[in-house]
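Student: I would like to know how the words used for a structure follow from its values. Can we go through them one at a time?

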Amino acid sequence: GKYRVISTKPMPGTRWIRLLTDQDCRVEICTLKKTILSVEDILALIGDRCDGVIGQLTEDWGEVLFSALSRAGGRAFSNMAVGYNNVDVEAANKYGVAVGNTPIDSRGLNAMGVKYGPETSNIELFQKHNAFHVSLALCGVLTETTAELAASLSLAAARRIVEADEFMRAGLYEGWLPHLFVGNLLKGQTVGVIGAGRIGSAYARMMVEGFKMNLIYYDLYQSTRLEKFVTAYGQFLKANGEQPVTWKRASTMDEVLQEADVISLHPILDKTTYHLINKERLSNMKKEAILINCSRGPVVDEVALVEHLKANPMFRVGLDVFEARSLTYDEPHMKPGLADMKNAIVVPHIASASKWTREGMATLAALNVLGKIKGYPIWSNPNNVEPFLNENSPPPA
Ligand code: GLV
Ligand code: GLV
């Protein structure tokens, strides 16, 4: 291979490797037996010659690594993640390194008329179309999987699945009782979505259609597709003699917090969303509300959350992500007391963890790097992503 491409972790599947090796790249996969690589580990990997890197959300991609990559001749970096709060995009730009992430927008799919499913071979697609089209075809690779986990946590919290499972295994079940693990009925309740982008909208549709919940959402941009979906489903229910579902676009986030029974957070993490959910906002929620976070830990003030869980035993949370010291990564640690709370469900950042999605993310990350090295247009560039709470950004096309 003419180009040296590094992956800081072994990634699922082999398609991403073939994709690169078929296109003049030599792929080197780091095999260090360490969950989280340090900046020094990665510097050693980059060495004096490296054309592109596929990295992970656990790594601190800042000034030091981008200047080293640039010195080694590298011009491409892709995070194998939709979130890129671990990447200093400005520093990358300064050193002439293009940055990719692995989100993907389902708009592209229909626009290009490219079908992509778990069985489709990326190589075939790549040969038939070009990298740009294939990137488009991977649209939604992470969206539904992440939304499905948010939905799983919502149901698990509403029906107290984890507590009930622990009770059963502990041999405490003595027979059916009218009040044993009574939870919430979601039907007819209101689901609140903070950040109705790709993942937030997919989650909203699942909860509305799957469980006949009403929707209230907060986002800087109006999601007309989502509104139309709920309207149409409401009409369908009405025509069948059922209570129709409704939607509302809230003008403030607090409106969502006050009205919703289940609230799911889907913003990106940046300075404007750090501790978006704090003590005061927690106290604005219903006493029996359910809060779900599959975005990034620091969006929630976790210390305030533990206090709130202690003071409000009927309040429940489902967390896939945990607070960090900085905007980069410190996830394995939970704040003191969280692990003891019966009204908290905690899972280890698995929202995108389906086989198809993780393989798709790996392929997309490879395409991002390949696209830059070979001069194909890069689709999934975080520079195209609008900051969540920046009132001055123009609406996306
Ligand atoms: C996972 O958290 C991701 O950002 O892809
Ligand atoms: C519960 O099992 C019921 O039959 O109501």
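Predicted model: local features only at pLDDT ≥ 70, side-chain atom pairs only at ≥ 80, totals over all residues.

Student: Why is S6 called largely enclosed?

Tutor: A residue is buried if 20 or more other C-beta atoms lie within 10 Å of its own. In S6 (residues 190-194), 5 of the 5 residues are buried, so the strand is largely enclosed by the rest of the structure.

Student: Why do the residues of a strand fall on two sides?

Tutor: Side chains in a regular strand alternate between the two faces of the sheet.

Student: How do you know that S6 and strand S7 pair?

Tutor: Pairing needs at least two bridges between two strands. S6 and S7 (residues 214-218) have 5 bridges, in the parallel sense, so by the cut-off of at least two they count as paired. Within this pair, Ile194 has Tyr218 in S7 as its bridge partner.

Student: What makes strand S8 and strand S12 edge strands?

Tutor: The open sheet has 7 strands in the order S8-S7-S6-S9-S10-S11-S12, with parallel pairing. S8 (247-249) and S12 (344-346) each pair on one side only. On average, neighbouring strands of this sheet are turned by 15° against each other, direction ignored. S12 is joined to strand S11 (residues 316-319) by 3 bridges, and Val317 stands opposite Ala344 there.

Student: Which strands does helix H10 lie across?

Tutor: H10 (residues 198-211) lies across S6, S7 and strand S9 (262-265), and runs at about 175° to S6.

Student: Which strands are at the edges of the open sheet of 5 strands, and why?

Tutor: The order is S2-S1-S3-S4-S5, paired in parallel. S2 (25-29) and S5 (98-100) each have a single partner strand, so one side of each is left without a neighbour in the sheet. From one strand to the next, the twist averages 20°. Inside the sheet, S3 (residues 52-55) and S4 (residues 76-79) are joined by 4 bridges, with Phe77 in S4 as the bridge partner of Val53. Helix H15 (residues 355-374) lies across S1, S2, S3, S4 and S5.

Student: What makes Val5 count as buried?

Tutor: Val5 is in strand S1. The cut-off is 20 or more, and Val5 has 27 C-beta neighbours inside 10 Å, so it counts as buried. Leaving aside neighbours within four places in sequence, the contacts of Val5 include Leu20, Val27 and Val369.

Student: How many residues has the largest nonpolar core, and which helix gives the most to it?

Tutor: The largest core has 58 residues, and Val191, Tyr203 and Ala204 are among those with the most contacts inside it. Helix H8 (residues 143-158) gives the most, with 7 residues. Apart from this core lies another of 44 residues, including Leu19 and Val53.

Student: How do the residues of the shell around ligand 1 divide?

Tutor: Ligand 1 is surrounded by Leu57, Ala81, Val82, Gly83, Leu142 and Ser352. Leu, Ala and Val count as nonpolar, whereas Gly counts as polar. The shell therefore divides into 4 nonpolar, 2 polar and no charged residues.

Technical notes
Residues numbered from 1 in each chain as written. Chains lettered and ligands numbered in written order. Near = placed C-beta within 6 Å. Axes fitted to C-alpha atoms, helices over the stretch in contact; angles between N-to-C directions. Contact = placed C-beta atoms within 7 Å. Core = buried A, V, L, I, M, F, W, Y, C linked by C-beta atoms within 7 Å. Buried ≥ 20, exposed ≤ 12 C-beta atoms within 10 Å, placed from the backbone.
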